[in-house]
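This briefing is meant to be read beside the sequence and the coordinates.

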Amino acid sequence: MARVLPKKDVVIMGLGWTGSILGEQLTAAGLNVVAIERGPWRDTATDFNVGYMQDELRFAIRKDLFLSPAVEAMTMRNNASQTALPMRDYGSFLPGNGVGGAGVHWNGTTWRFWEYDFRIKSHITERYGAAKLKNLMLQDWGPSWAEIEPHFDKFEYLCGTSGKAGNLKGQIQPGGNIFESPRAREYPNPAMRMPYASTLFAEKMTELGLHPFPMPSSNLSRSYINPLGVRMGECSYCGFCERFACANYSKASAQVTILPVLMRRPNFELRTECEVLKVNLTQDGKMARSVTYIDKNGVETEQPGDLVILCGYGLMNVRMMLLSKIGPQYDPVSGKGTVGRNYCYQTSAGARLLFEDKHFNPFIGAGSLGQVVDDFQGDAFDHSKLDFVGGAGISCSVTNGRPISNRPTAPGTPRWGAKWKQATKDGYGNAMGFGSQGSSYPVRENYLDLDPTYKDRHGRPLLRITFDFPDNDVAMSHYLSDQLEKMVKPFNAKYTGVGRLKKGWDSVPYQSTHNTGGAIMGLDPSTSAVNKYLQSWDVPNVFVLGASAFAHNAGMNPTGTVGALAFWAAEAITTKYIKSPGALVHA
Amino acid sequence: MRKFLLAAAFSLVSSAGHAADIEAGKYQAVLGDCRGCHGKDLSGGVALMTPFGKLVTPNITPDKETGIGNYSAEDFRQAMKAGIAPGSKLLYPAMPYPSYARMPDSDIAALWDYMKTVKPVKKPVDVNQLHFPFNLRFMMRGWNILFFSPAPHADTAGKSAAWNRGAYLVNGPGHCAACHTAKNLFGADKGSALTGASLQGWFAPDLTGDRQAGLGAWSANDIVEYLGTGRNAHSIASGPMAEAVENSTAQMTAGDLNAIAVYLKDLPASRGNGGGATGVEAQLRSGRSLYDINCAACHGRDGKGSVLFPALAGNANVRQVRADTVVRMVLAGGQAVATPKAPTGPGMPSLGWKLSNEQAADILTYVRNNWGNSAPAVSAETVGRIRSELHSGS
């Protein structure tokens, strides 16, 4: 029998980006908040020490900061005819672990999804007719651009995002992304200084008539004090960003932007190394009353709360809903049910170029440092004569020149020995690349549910991912590879190679940690798990944050939109829910 | 019924008056930085390493068995101002009663009202772990005769009200001299006040008007910002000062901080730090390249730091006559104070594992003699001594 603690106003599961934003906003509104975090406490000064953070073997290869499958694994299969097997190691994507979550090791790329992403079904129907949607389960998310734009702004100013606006209140700005949706004001910091490869890319793209602009980066081009009074350092371009924590207080994370303030609040409490086992509902299943968690000593505790907010990684939020019976499981056969629906990923392809006489100095890098063209992003280009919808951003970023994983060689080079050594020496300063990061649109057969066979260390079923790249997205990606073929030509590199996506998602090689959907927001309780405020349709004192709410994935990194939705949901709780607890939307 | 209501109303008034006393007393605890030595919950147990051995601070919560719950107001006043605990027990002057003796009795009484409201903690503390013969308390009688001349604070004519308030705070409850004034063989203040002193492996900097080692180059606003937030454009508090800022100065009123600044800015310059290093060109060359590799990413090649990381150019800690504090920071690292107004509290990494004594000495000699800094060279021997002190845990 678990011990039962006194009730809190709010119980948050997971203290990453969304948990920290909600924790800060709700404690500021006077609520008593407890955050329950499975992993350890982590702090820049003590855990991300600049003296040893640049350890590629420990952090990038042995994945020291990531979730271990022994703690929580997932099973995967490409389609319902297969039997899913557990991923024995995280490969294709890397969930985070501990305070800060995946926001510790992210790259810092901070996009805003576009205005029409939030009304994608309406937009495509208006522009091309309903037939264009084919079998895609695209649907409108709920909030209008006017509603959501201020929250993107809040997240960017929290992070100190460095970039160049391309559209200020409808006025196109030279040098920025002319395709972006209108923003109310400039980025809080100017764009990062560009490395040579990205500068060269921008020159060639301009010659091709495209519109390059600096990638919006929360790696910080200069020192910054955010609206909470938290101070951040200027990026040193050390090239240890993705898979690493920032030792320099330069890459925005919960640690760097929020926790110094939140941890001081007397109405906030954090319990680390405590894993939420389930959300307990009232007997009629209509309200959450508490969460049960287990601490590192194996002691089970029940924490009652008036409001439960799931702030885990998106996939874990979906699993927690299924384990706790918050909303009906989606069934791909009948199309009914909402939880697990519209799982999406990312659809990418890359181009590599190898020269003989360049000095790209790849060691001058940062997680989010580069030039991008969005001419083939989303619906920035006319799809009326194309057999797909969606698109991709194409970026040339220089993330690192680290010695273990950065060994570019020409095709035909031996894999070991003296010739390999010489080739890696030649290739190190002579290689550059750019890639398309493409949209991922929902189809009926891609979904999440609980695995019927495999269980975790507490005896709970694992999450099962059923996913393959939909035909629409493969067609999109091949079209983007065609564009990449055209783009590599003017570089006159000695060797070029352009990748082409194949069907049959493989969970082993790293691809992207941008898993989205499964607890999607929407306007209709029969096709979405949460309403436009990220409140469960079924259990209204549960809110579900994170990329699990995305009804589809755009060709962009998700964190900016995750952050905006967190501020958006927090505002709904503090201005609407507190005054009148209950369903905020009546369908 | 009516009588009862009246009584209730009366008791409300009186408890409101009492609450104001407690608030005033709580502020005295801030000014006196009680928590700096006696811990956040005032239950003591904090070890103070003195040249005479280890003193552990006592439990001063109102617990009757292990704290000061049996004290009377007069007992408390005697301890605070005369250094005498009940039973004629003589306190060691690590308890800054020579400074507290300047406090008016009314403030001591308010502090006592507050102390009685603190949550009692049952925690026995073995206070006296000094070496023989210093562990013999009666010896303090002689010390008091020699060095203790209690006198209430008296305003200095011709100085402003702010200056006089600052003088009172610095020399009275704030007991700044406890760390910032050098001590003689007997642990009593010696020489010029507030010209800097070594303690517990740190060097508490010169607070006088000297432009190199002191605060001569700081404005009064710089001092207010530093004490109120833990940082300013020149420096950032860490080590023992981080605790003083967190527990005391960051909670002081703007008026009191300004008074301290006015007083400190009027202190005459000390004799300085002995001047810049000479004849150390090789050390400076080596130090420059090591600095660029190991330090410049945060502190800047221009030594100017940022809104987050402290400047080294013009940083008084860097320019003290003794380099103990900065040697310690380089070898062992440290964490800056975090306050509500500057909540980040950045960390300085430990570099001792990758720098030899020579390399650390070269970096520090370079830093102490660049961007307008001018201070004596640091030798590898000094670094070696501090490294071994850090290893032995002192």
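Helices and strands are DSSP runs, H or I of at least four residues for helices and E of at least two for strands, numbered from the N terminus. The model is predicted, so that local features need a pLDDT of at least 70 and side-chain atom pairs count only at pLDDT 80 or more, whereas totals for chains, interfaces and linings use all residues. Residues are numbered from 1 along each chain as its sequence is written, and chains are lettered from A and ligands numbered from 1 in the order in which they are written.

**Helix H1 of chain A**

- Helix H1 of chain A, residues 17-28, has 12 residues and reaches 17 Å from its first C-alpha to its last, close to the 16 Å expected at 1.5 Å a residue, where the expected span is 1.5 Å times one less than the number of residues.
- Because 11 of its 12 residues are buried, H1(A) is largely enclosed by the rest of the structure; a residue is buried if 20 or more other C-beta atoms, placed from the backbone, lie within 10 Å of its own, exposed if 12 or fewer, and partly exposed in between.
- The buried residues of H1(A) include A:Trp17, A:Ile21, A:Glu24 and A:Leu26, and just after the helix A:Gly30 takes a positive phi of about 95°.

- Most residues other than glycine have a negative phi.
- A:Leu220, in the loop between strand S8 (213-214) and strand S9 (224-225) of chain A, has a positive phi near 70°, and this residue counts as buried because it has 28 C-beta neighbours inside 10 Å.
- A:Lys325, in the loop between H9 and strand S15 (341-344) of chain A, has a positive phi near 60°, and with 15 other C-beta atoms within 10 Å this residue is partly exposed.

- Eight of the eight residues of strand S19 (residues 431-438) of chain A are buried, so the strand is largely enclosed by the rest of the structure.
- A:Ala431, A:Gly433, A:Gly435 and A:Gln437 point one way from S19(A), while A:Met432, A:Phe434, A:Ser436 and A:Gly438 point the other way.
- Strand S16 (residues 347-354) of chain A runs antiparallel to S19(A) and is joined to it by eight bridges, with A:Arg352 opposite A:Gly433; two strands pair if DSSP finds at least two bridges between them.
- Strand S18 (residues 392-397) of chain A is also antiparallel to S19(A), through four bridges, and A:Ala392 has A:Gly438 as its bridge partner.

**The four-stranded sheet**

- An open sheet of mixed pairing is formed by four strands of chain A in the order S5-S4-S21-S20, and its edge strands, each pairing on one side only, are S5 (85-86) and S20 (447-455).
- Strand S4 (residues 74-77) of chain A pairs with S5(A) in the antiparallel sense over two bridges, and A:Met76 stands opposite A:Leu85.

**Contact between chains A and B**

- The contact takes 20 residues from chain A and 19 residues from chain B, two residues being in contact if their C-beta atoms, placed from the backbone, lie within 7 Å.
- On the side of chain A that touches chain B, the elements giving two or more residues are helix H2 (44-47), strand S10 (231-232) and helix H8 (259-262), and H2(A) gives the most, with three residues.
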